[in-house]
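Let's walk through this structure together, beginning with the whole chain and ending with a few individual residues. Please keep the model open as you read.

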Amino acid sequence: MKYRTDPARIRGAIAPLFTPFTGEGVVDHDSLRAMVRWQLANGSHGISIGGSTGEPSSQTLAERAEAIRTVAEEVGDRVPFAPGTGSAKLDETLELTGIAAEAGADVVLVITPYYARPTQEALYVWYSTVAREFPDLPIVAYNVPVRTAVEIAPQTFARLYRDHENIVGIKETTKDFEHFSRVMHLCGRDLLMWSGIELLCLPLIALGGAGFISALSNIAPAAVAQTYEAAVAGDWDRARELHYGVHPLVDLLFTETNPAPSKWLMAERGLIRSGHVRPPLVPLTQQGREKVRALAAEAEQYLTPVPARSLS
């Protein structure tokens, strides 16, 4: 939690890990630890678990809590740890946020409450409640309307940012790039904003973004981290080379519902034991496997190698 008191230091490519399961569907903590080690060895600037890629809605609160503890222990304060702690229920959100705080999270990502389609005032009340409950814990709102059916309006987030010192940033997973700009304009350049849309990660840096929280890190952490590093160093030719080079891998992620394609690929490459996904998702189909193989071959040079004995 050494970054908790200075969240402005939390920048760069934060890897939002998928949650590995055994072939029987149990959370695979050995594979999870191997994933963290692989991420850190390949330059990721931070680690997250429990976001959309992590299949949180298919897990019990106890499973999510244990995964947070495992990742926190493996990260060991070497980079910022930013677990997702949101739920559709406020009591679960508060409980899991408290568990993450005790585990050593530097910041937490709180998704907008999904399914209920709350009003903007209701979203303000929701996030204010979380912020007041944990006044010493930096909070990042997670705006992902394609999954939640509700969007935090720029004015609503600006109000939260103004009223609560510990609401420090937002992860924007919307393809409306005007939205990014309007939020930044209303909140000012000190706002920490990450992109969760793979192909908008690099453009966000030009607007003053803090970095990326991209599912692409699950298969290409080095390329994602190097894109950020090249951009902030002003090496835009290299940043653009990486940005366009990973396009086939971005298409790979969404061949079928994320994270089934990336899990299958990383099981094939030996980082995790199984590509198992829990219902309502299904394992990658044969047609999907063929597409993933073709897209991976097209951009092989941007995939991060997996060393032998990753699970040992």
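The paragraphs below go from the overall fold to the sheet, and then to particular sites.

A word on the ground rules: this is a predicted model, in which local features need a pLDDT of at least 70, side-chain atom pairs count only at pLDDT 80 or more, and totals for chains, interfaces and linings use all residues. Residues are numbered from 1 along each chain as its sequence is written, and side-chain values use heavy atoms, with hydrogens and water left out.

Let's start with the chain as a whole. It contains 13 helices and 7 strands; these are DSSP runs numbered from the N terminus, with helices being H or I of at least four residues and strands being E of at least two. Along the principal axes, the C-alpha atoms fill a box of roughly 50 × 45 × 35 Å. The radius of gyration is 18 Å, which agrees with the value near 20 Å that a compact globule of 312 residues would have; this radius is taken over C-alpha atoms, and the globule rule is 2.2 Å times the number of residues to the power 0.38. Of the 312 residues, 61% are buried, where buried means under 20% relative accessible area, exposed means over 50%, and partly exposed lies in between (1.4 Å probe, protein chains only). Among contacts with a separation of 6 or more, 72% join residues 24 or more positions apart, a contact being heavy atoms within 4.5 Å. The chain exposes about 12900 Å², and carbon and sulfur atoms supply 51% of that area; accessible areas come from the Shrake-Rupley method with a 1.4 Å probe, and for residues only the protein chains shown count as cover.

Now find the sheet. Its 7 strands form an open sheet in the order E2-E1-E7-E6-E5-E4-E3, with parallel pairing. The edges are strand E2 (46-49) and strand E3 (108-111), each of which pairs on one side only. Two strands pair if DSSP finds at least two bridges between them. Helix H1 (residues 29-41) packs on this sheet, touching strand E1 (12-17) and E2, and the direction of H1 makes about 165 degrees with that of E1. For that angle, axes are lines fitted to C-alpha atoms, over the stretch in contact for helices, and angles run from 0 to 180 degrees between N-to-C directions.

Next, look at strand E5. Strand E5 (residues 167-172) runs parallel to strand E6 (residues 192-195), joined to it by 4 bridges; isoleucine 170 has methionine 193 in E6 as its bridge partner. E4 also runs parallel to E5, with 5 bridges between them.

Which residues does UniProt list as "active site"? The unreviewed entry gives Tyr142 and Lys171. They span 30 residues in sequence, yet no two of their C-alpha atoms are more than 4.8 Å apart, so they gather at one spot. UniProt positions are given in the numbering used here, feature names are shortened, and annotations may be inferred rather than shown by experiment. Tyrosine 142 sits in strand E4 (residues 139-143), and lysine 171 in strand E5, where tyrosine 142 stands opposite lysine 171. Tyrosine 142 is buried, with a relative accessible area of 5%, and lysine 171 also counts as buried, at 5% relative accessibility. Leaving aside neighbours within four places in sequence, the contacts of tyrosine 142 include Ser52, Tyr127 and Thr173, while those of lysine 171 include Asn143, Trp194 and Ile213.

Over residues 191-213, the chain is 30% helix and 26% strand, and the end C-alpha atoms are 16 Å apart.

Two more places deserve a visit. Phenylalanine 81 lies in the loop between helix H2 (61-75) and helix H3 (90-103), and this residue is buried, with a relative accessible area of 2%. Beyond four places in sequence, phenylalanine 81 touches residues including Ile47, Ile49, Ile68 and Val107.

Finally, turn to helix H12 (residues 260-268), which is mostly covered, with 7 of its 9 residues buried. Among the buried residues of H12 are Lys263, Trp264 and Leu265, and their cover includes H1, helix H11 (247-253) and helix H13 (286-298). Just after H12, glycine 270 takes a positive phi of about 95 degrees.
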